[in-house]
Amino acid sequence: MKRAIRFLARLYPSSWRRRYGAEFDALLEDAAPSARDAFDVFSGALKMQATTWTFGRIVLAGVVTGILMAAAFSVALPAHYLSHSFVTLMPADGSSPANESTLQLVSTMEQSVFSREFLTAVIHEHNLYWRERLRMPLDDVVESMRRDISVVPVPSSENGNAFTFVVQFDYSDPRVAQRVNEELTSRFVEGGLNSQLTSHWTFRVPDAPSLPLKPTTNRARLIALRLLAALLVGLTLATALRVRHGKTAS
Amino acid sequence: MSDPTLLVLSSLAGGDKHGYAMMEDIERFAGVRLGPGTLYGAITRLEQRGWIRQVNSKDRRQPYTITGTGREHLQDQLANLGRVVRAGMRRLENA
């Protein structure tokens with residue numbers, strides 16, 4: 001422990017070491033230092049360093065700390081991939097179903113996708129969210145999966161009475177995202193086919209769900225946000241230390 | 001009372017001491033064990049303010065002494081502390 005503390009004592013500023021180093025080492029030799037003392041010496045060295053740093057150096061240290069923290073955070077967070085597919089609902093034989101029945105049909109289709117039973121089966125079949133399942137009840141995992149699914153209407157390229165929806169699934173593995181989205185899309189269409197309102201509609205899925213090649217997050221935006229956060233951390237730290245130092249000095 | 005600078009000044013008010021002797025003395029009279037970093041942080045601040053100064057010595061264990069202004073500062077601080085203690089005790093008795 002003494003060797004560790006002597007090493008930590010070297011973290012004090014060199015000007016301080018020149019003035020107090022010898023007597024501080026003598027104190028460490030006399031005392032029976034504990035782990036608590038090691039932390040005390042480390043904390044004392046940091047405080048002493050802070051009093052000798054200029055405002056610019058503290059900002060720089062804060063920015064570097066912020067960048068390192070942001071980098072560690074981004075490594076810890078997995079990338080996300082968004083697979084999507086399109087489903088078009090077209091009125092059968094050129095009929096124009098009432099708006100009410102259309103809304104009812106879409107609602108039925110969505111309910112079938114977001115149902116607890118279906119999502120639970122998908123989670124088990126594809127071994128999704130295994131980390132979350134270790135620490136959360138299954139109902140919470142299902143809720144989390146619901147947040148990663150979206151079914152949204154988009155402008156249709158078909159005739160005026162057609163409706164197009166994009167079914168999306170966001171996951172950390174692009175191939176799993178694609179496979180699960182296949183099931184979600186099939187379920188969405190099945191939900192429509194099983195409905196009693198289906199006689200008015202035909203369903204079309206032009207392409208298989210996409211295999212996402214790039215993560216969904218915008219890297220440039222993320223880097224800019226991290227740098228901004230790092231700068232804020234640096235400025236906050238520098239200001240806090242300056243205020244604290246000013247109080248101590250007065 | 002856990003302000004390290006006040007504890008160091010109180011210790012030196014009883015006579016010149018080096019770092020380790022201060023640590024032991026403070027533990028004895030205040031029941032507080034100052035870590036080496038905290039103790040030397042306080043010594044650095046007190047010396048910068050002129051409230052203590054080193055005593056000439058050839059030993060590595062550098063002794064310190066309290067200065068006149070240091071003694072005045074300690075008296076002020078202890079008087080303030082005494083007022084707080086007396087007020088607190090009075091209020092506890094009347095409660």
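Modeller: Keep in mind that this model is predicted. Start with the largest nonpolar core, which has 33 residues. Seven names stand out there: A:F24, A:V41, B:V8, B:L39, B:Y40, B:I43 and B:Y64 touch the most other members. Chain A supplies at least two residues from each of helix 1 (2-9), helix 2 (14-30) and helix 3 (35-52). In soluble globular proteins, nonpolar side chains tend to be buried together.

Zoom in on B:V8. Leave out residues up to four places away in sequence, and B:V8 touches B:M22, B:I26, B:L34, B:L39, B:A42 and B:L46. Another core lies apart from the largest one. That other core has 29 residues, including A:L89, A:I123, A:V141 and A:F203.

Now look at the contact between the chains. On chain A, 21 residues are in contact with 21 residues of chain B. The two chains bury about 1800 Å² between them. Carbon and sulfur atoms account for 51% of that area. Within chain A, the residues that lose the most area to chain B are A:E23, A:L27 and A:D30. Together they make up 29% of what that side buries.

The largest cavity holds about 40 Å³ of space. From chain A, its lining takes A:E23, A:A26 and A:L27. From chain B, the lining takes B:H18, B:G19, B:Y20, B:Y40, B:R60, B:R61 and B:Q62. Helix 2 of chain A and helix 2 of chain B are the elements that give two or more residues to this lining. Helix 2 of chain A gives the largest share, three residues. By type, the lining divides into four nonpolar, three polar and three charged residues. Some names return here. A:E23 and A:L27 line the cavity, and they are also among the chain A residues that lose the most area to chain B. B:Y40 lines the cavity too, and B:Y40 is one of the core members with the most contacts to other members.

Last, go to A:A70. This residue sits in helix 4 (residues 55-76) of chain A. A:A70 counts as buried because its relative accessibility is 14%, and the cut-off is under 20%. A:A70 and A:A229 are 159 residues apart along the chain. Their C-alpha atoms are separated by 8.2 Å.

Methods:
Residues numbered from 1 in each chain as written. Chains lettered and ligands numbered in written order. Predicted model: local features only at pLDDT ≥ 70, side-chain atom pairs only at ≥ 80, totals over all residues. Heavy atoms only, no water. Core = buried A, V, L, I, M, F, W, Y, C linked by side-chain atoms within 4.5 Å. Buried < 20%, exposed > 50% of the residue type's maximum accessible area, 1.4 Å probe, protein only. Helix = DSSP H or I, 4+ residues; strand = E, 2+ residues; numbered from the N terminus. Contact = heavy atoms within 4.5 Å. 1 Å grid on protein atoms, 1.4 Å probe; cavity = no way out; pocket = protein on both sides within 12 Å on 5 of 7 lines; lining within 4 Å. Points joined across faces, edges and corners; volume = space filled by probe spheres on them. Nonpolar A, V, L, I, M, F, W, Y, C, P; charged D, E, K, R; others polar. Buried area = accessible area lost by both parts, 1.4 Å probe.
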